[in-house]
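Please open the model in a viewer and keep the sequence at hand. The stops below say what to select next and what is found there.

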Amino acid sequence: MRVNEPWWKTAVVYQIYPRSFADSNGDGMGDLPGVIGRLDYLQRLGVDVLWLSPVYPSPQDDNGYDISDYQGIEPVFGSLDDFDILVREAHARGMRIVMDLVVNHTSDEHPWFVESRSSKDNPKRDWYWWRPPRPGMQAGHPGAEPTNWASFFSGPTWELDPATGEYYLHLFSRKQPDLNWENPEVRQAIYAMMRWWLGRGVDGFRMDVINMISKDTSLPDGVPFAAGGLGNGWPHFVCGPRNHEFLAEMNREVFGDRPLLTVGEMPGVTLEQAVEFTAPERREVDMVFQFEHVNLDQGASKWDIRPFHLRDLKATFGRWQAGLAEVGWNSLYWNNHDQPRVVSRYGDDGPCRVKSATMLGTVLHLHRGTPYVYQGEELGMTNAPFTGIDDFRDIESVNHYKEAVTAGQDPAAVLAALRFMSRDNARTPMQWDDSPNAGFTTGTPWLAVNPNYKDINAAAAVADPDSVFHHYRKLIELRHTEPVVAHGDFTMLLPNDEHVYAFTRSLAGVELLTLGNFTGRSIPVDLPGWAGEKLILGNYPPDGNDGGIVLRPWEARVYRRTV
Ligand code: TEU
């Protein structure tokens with residue numbers, strides 16, 4: 001590790017979605033003892049950090065991203081004792097634990113909100129966003145909401161509370177009321193909670209929609225999406241006026257000089273804003289999750305699916321690599337619990353599944369930044385064959401279907417979009433082996449297991465040296481052993497080539513060339529001077545052709561030379 005460089009620059013993070021990872025007690029839901037039971041598998045993969053999606057008490061309206069107690073463990077996931085064992089056992093295997101911090105909103109069953117809604121003059125009233133109906137409008141009447149903002153989960157962002165005749169703000173579901181970060185009491189309560197988790201040995205935080213905590217307090221309407229309809233509130237709550245101030249305060253009050261990893265999930269963040277959020281001297285967060293590369297196949301909405309173009313991917317990755325080369329740092333991800341499986345999205349989940357999964361992994365992991373592996377990605381898990389709307393569980397998907405069909409859209413078309421883009425594609429249970437329910441549970445899984453588990457599972461992958469698992473293990477090893485992978489300068493090549501992704505990394509006389517064929521065809525690559533160089537990683541056996549480079553379907557290669 002280069003001196004004075006933070007540890008997370010050479011680290012690889014593995015994201016666990018506890019509901020779907022491993023069930024230890026047969027209730028069909030994954031849990032913490034299930035995670036503990038798989039730590040040796042994760043250690044073998046070589047990852048350095050485990051990011052746990054929320055495991056706190058929650059009515060599970062949004063699968064745990066609606067928290068009713070920040071300093072506990074949801075009983076279906078286990079107990080604080082289980083959590084302490086997980087931290088101890090992970091640390092014993094050289095892996096750190098990062099918690100999911102969901103503080104833009106709480107559950108409406110959190111005592112803070114229960115108090116806040118109890119009366120207009122409750123001391124916690126101002127811990128949330130309460131407003132009377134729009135002037136001149138009757139409470140409960142369509143359009144009486146204080147603003148016209150559309151929620152992420154369909155419908156308006158305001159819910160009327162008949163008891164007090166006022167509305168409360170919820171950017172996500174009505175059971176996820178937004179906290180009012182303008183109130184210093186709210187911020188101090190959150191900082192105290194975070195310090196409490198650090199006291200239990202936690203090594204960092206993934207911060208949920210942390211660029212939505214500062215709103216335009218004048219609460220202006222957004223531009224309507226359609227005449228008379230709901231409007232776009234994003235300009236009024238994304239990267240708001242006090243966002244940097246709040247994150248700098250959190251850093252001072254909680255992180256200080258602790259060797260933590262902090263990553264802010266920031267839908268809609270621009271490169272310029274990310275430079276500010278991640279500039280070390282500003283002491284806000286270490287890195288952000290930006291969304292440009294996971295919106296490339298989307299039009300007006302995520303359900304308006306468009307063809308993917310490699311040039312667009314290279315344009316956005318190239319810009320972020322260059323933009324954060326001197327200041328700040330990139331996160332690198334294809335998958336998480338909100339995105340469909342990348343091999344089904346940008347690869348080929350049919351006959352070339354293994355080749356395309358390993359190619360996509362290679363291209364991503366050789367970029368400059370911290371890679372995130374989402375559970376099952378290291379196996380090349382695919383989107384699921386959902387048939388009808390009853391197969392879906394995700395609130396975003398279910399609400400969208402209802403709203404779209406009610407608005408007159410063709411149910412079959414809406415379903416087709418869900419099949420491709422729904423978050424449930426990421427949430428099907430982890431496929432451990434070819435036993436019933438893929439060894440995830442001895443009970444009935446909360447969401448159906450992908451029937452392709454007979455072929456795609458961890459046991460088979462670990463036993464097969466050419467599997468996606470072992471390719472990811474080698475990618476992680478390369479980041480740990482080759483300083484150029486973590487710290488080398490990035491140079492994009494062939495930016496306009498629609499078939500091949502090519503770039504170099506260079507550091508202290510060492511240069512790597514990474515190539516990825518994004519097609520199912522053989523593609524010649526005109527990059528003189530590399531064909532004869534040392535191939536240090538590939539997803540095909542060497543073709544022995546030192547005369548030129550012809551990439552086979554979905555082939556990935558990493559060459560190394562000293563200059
Ligand atoms: O996601 C925020 C977010 O951007 C997503 O809602 C995204 O817009 C959508 O899923 C893309 O389809 C975070 C969490 O990752 C997500 O699971 C939660 O549902 C959401 O915040 C609210 O907490």
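**The ligand site**

Begin by selecting Asp208: an N or O atom of its side chain is 2.7 Å from an oxygen atom of the ligand. This is a predicted model, in which local features need pLDDT of at least 70 and side-chain atom pairs count only at pLDDT 80 or more, while totals for chains, interfaces and linings use all residues. Residues are numbered from 1 along each chain as its sequence is written, and side-chain values use heavy atoms, with hydrogens and water left out.

Next select Glu265, which has a polar side-chain atom 3.0 Å from an oxygen atom of the ligand. Arg423 places a polar side-chain atom 2.9 Å from a ligand oxygen atom. The ligand taken alone exposes 480 Å², of which the protein buries 95%; these accessible areas come from the Shrake-Rupley method with a 1.4 Å probe, and for residues only the protein chains shown count as cover. Now display the surroundings: 19 residues surround the ligand, and the closest are Asp62, Asp208, Lys302, His337 and Asp338. A residue is included if one of its heavy atoms lies within 4 Å of the molecule.

**Ser422**

Move to Ser422, in the loop between helix H13 (411-421) and helix H14 (424-427). Helices (H or I, at least four residues) and strands (E, at least two) are DSSP runs, numbered from the N terminus. Is Ser422 buried or exposed? Ser422 counts as buried because its relative accessible area is 0%; buried means under 20%, exposed over 50%, and partly exposed in between, with a 1.4 Å probe and protein chains only.

Show the side chains of Ser422 and Ser397, which are joined by a polar contact of 2.7 Å. A polar contact is a pair of N or O atoms within 3.5 Å; within protein, one must be able to donate a hydrogen and the other to accept it, and residues adjacent in sequence count only if both atoms are side-chain atoms. Leaving aside residues up to four places away in sequence, Ser422 touches Trp303, Pro340, Phe392, Asp394, Ser397 and Ala417, where contact means heavy atoms within 4.5 Å.

**The open sheet**

Select the strands of an open sheet of 5 strands, ordered E14-E15-E16-E20-E18 with antiparallel pairing. Its edge strands are E14 (489-493) and E18 (534-538), each of which pairs on one side only. Two strands pair if DSSP finds at least two bridges between them. Within the sheet, antiparallel strands E16 (residues 510-517) and E20 (residues 556-562) are joined by 7 bridges. Pick Leu512 to find its bridge partner in E20, Arg560.

**A loop residue and a buried strand residue**

Select Ala508, in the loop between E15 and E16. Its phi is near 50°, a positive value in a residue other than glycine. Ala508 is exposed, because its relative accessible area is 78%.

Finally, select Ile523 in strand E17 (residues 523-525). Ile523 counts as buried because its relative accessibility is 9%. Which residues does Ile523 touch, not counting residues up to four places away in sequence? They are His499, Val500, Asn517, Ile549, Val550 and Leu551.
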